[in-house]
Amino acid sequence: MVRFSGRLLVGLGQGLVGLVGAIGTQAMVLSSAIQATLRGECDLSELRSALVRLGLGSIPVIVSTAVFVGGLMVVQSAPLLSRFGAESYLGWGAGFGILREVGPVLTGLMISGRVGSNNTAELGTLTVTEQVDGLRALAIDPAGYLVAPRVWAIIVTTVVGTVVSMVVALLGAAAAGLFLLHVHPATFYNGLTSGMLSWMDALHGLAKALAFGIVIATSSTAFGLGAKGGPPGVGRAVGAGVVSTAVLIFAMDALVSITSRVE
Amino acid sequence: MTSRRSSGGPGGTSAGGSGSSLGPDEPEGASSRRSLRGSDFALALSTVQDGDVQPMPGFVLPHDESRASLMVTVRATLSALSHTEGSAVVAQAYEIGVRSLPFLCLVLAFVGGIIVYQAGIQAMRIVPDTSGIGPGYIELLVRDLAANLTGLMLATRVGASIAAELGSMKVTDQLDAMRLCQTDPVAHLVAPRFLACFLVTPIVTIIAGACALASGTAVGAVAFDIRPQNFLDPRFVTVGAVVTGMAKSVAFGLAIPLVSAHAGLYTRIGSQGVGDATTRAVVGSSIAVIVLGFFIGAILHVLLGGA
């Protein structure tokens with residue numbers, strides 16, 4: 001028992017040290033991206049290609065996720081609504097969930113899965129094959145050439161992707177409401193706009209998306225640049241990066257929810 | 001190549017005639033990279049002994065992804081189940097279940113707290129009555145939230161690790177080395193992970209759901225002064241809700257290892273390959289969880305009539 005609790009304490013301590021280290025590394029990634037941009041060293045052609053590859057490339061994933069997320073929200077609230085006969089509240093319920101919680105979180109998770117791990121894999125490959133050091137040898141600053149374009153591209157992708165997914169998820173929810181609960185789209189729209197939801201709810205979701213974008217960008221970059229040990233090391237870095245990004249997304253979700261209390 | 005695959009389908013006996021079509025069937029251009037592989041030796045062995053040896057499932061997987069589909073991997077995995085060792089399943093169950101638990105519990109506890117908090121704010125906006133929050137939250141948790149979120153998080157954690165492990169074995173040619181040693185990679189690597197994930201997912205769903213329940217109760221008590229005995233009121237939980245939640249978690253436990261193992265088995269050779277496979281595993285199994293969750297929820301809602 002003593003040995004077990006000792007091991008538990010050691011594990012907790014190691015976890016805490018790891019967490020602080022991870023936050024520090026991510027802050028360094030973000031600050032080096034900001035510094036490189038302020039110095040005007042952010043490579044614009046890299047930024048454009050990162051936006052196309054990471055941003056446009058993840059639109060299909062985002063859209064297909066959002067349709068089903070909208071449907072899922074309706075399926076989830078269906079038993080509750082039909083119990084009280086409150087179908088006119090469907091638009092409000094689905095809209096509330098999609099705009100404030102589920103839309104940003106699920107989009108963030110999907111972008112972390114696709115864009116974040118892609119970023120980790122690319123940067124990790126460059127790191128373990130010592131191409132990052134090669135850049136330094138050529139007097140090209142990796143912060144301006146590799147880090148800053150990717151960080152900005154991922155943040156923009158997350159925010160824009162969340163807007164897209166909110167719209168698509170609301171359409172998906174309206175469609176699922178029509179087919180599953182026979183709620184007319186006009187009723188759905190009325191529930192959405194009847195005044196219980198405001199633009200503040202959408203802004204709340206966007207604030208979350210911004211926070212998630214920063215977390216995804218910095219943590220995937222940090223894990224990629226920290227990869228070591230050949231191709232298997234890249235795989236390990238991707239796995240560890242995805243997991244810790246997911247934890248950070250939920251931590252940021254709690255933080256934003258609690259700090260931006262609307263009354 | 002097509003005759004090669006059909007001759008050694010999983011569980012099927014290899015026909016004697018297939019050996020003759022092996023050599024001339026080989027495509028010219030691809031021969032530089034895939035000269036001789038483990039599956040060729042295995043096929044040669046099984047044709048030599050002509051029906052005595054049943055080709056094991058891992059040997060008959062097609063090598064390049066254009067010819068491989070998820071269904072081939074699924075069939076191979078299912079027919080490899082009888083060759084699986086129990087100790088490997090236990091080890092994987094520890095790896096997948098126990099080692100994921102801290103992560104799962106942390107995430108579910110966060111989400112549970114947030115949802116109760118948001119629901120409380122909304123309830124205060126309309127009617128200052130918090131008595132419905134607890135029962136409503138418990139029903140949501142049992143029916144959807146525990147299964148869906150655990151599924152998503154397992155897709156991230158387990159999907160990434162399965163694809164990274166199998167992928168790095170693939171790019172370092174360890175899968176072919178296993179085939180050369182008459183060891184079936186599907187039976188030894190994929191099937192234990194599949195069985196373990198299938199067995200463990202419902203259990204970790206329940207444990208993580210309990211964490212979400214505890215944190216929701218705590219948030220309700222601290223933020224909205226709901227007494228725990230009023231909050232923990234399962235009056236809305238029906239048999240249908242329990243069935244829906246369990247059906248989802250079983251389906252996720254089946255889908256996640258298969259999608260991820262498929263991505264890992266078909267990792268492209270090269271330094272980008274492992275990262276790519278991990279990405280595909282995480283995205284594929286997350287989408288599988290969301291799509292399956294929607295369809296199971298919708299179908300059971302229609303079948304059970306909202307009961």
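User: Before we start, what does contact mean here?
Analyst: Contact means heavy atoms within 4.5 Å. This is a predicted model, where local features need pLDDT of at least 70, side-chain atom pairs count only at pLDDT 80 or more, and totals for chains, interfaces and linings use all residues. Residues are numbered from 1 along each chain as its sequence is written.

User: Good. Which residues does M153(B) touch?
Analyst: Leaving out residues up to four places away in sequence, M153(B) touches L109(A), A246(A) and F250(A), plus F103(B), L104(B) and V107(B).

User: What about the largest nonpolar core, how many residues has it?
Analyst: It has 93 residues, and L109(A), F250(A), V107(B) and M153(B) have the most contacts inside it. Such a core is a set of buried (under 20% relative accessible area, 1.4 Å probe, protein chains only) Ala, Val, Leu, Ile, Met, Phe, Trp, Tyr and Cys residues joined through side-chain atoms within 4.5 Å.

User: Switching to the interface: how much area do chain B and chain A bury?
Analyst: About 4200 Å² between them, with 76% of it on carbon and sulfur atoms. That is the accessible area (1.4 Å probe) lost on putting the two together, summed over both. Q118(B), I290(B) and F294(B) supply 14% of the area that chain B buries against chain A, more than any other three residues.

User: And how many residues are in contact there?
Analyst: 48 residues of chain B are in contact with 52 of chain A.

User: How many salt bridges cross it?
Analyst: Zero, taking a side-chain nitrogen of Lys or Arg within 4 Å of a carboxyl oxygen of Asp or Glu as the rule.

Terms used
Chains lettered and ligands numbered in written order. Heavy atoms only, no water. Buried < 20%, exposed > 50% of the residue type's maximum accessible area, 1.4 Å probe, protein only.
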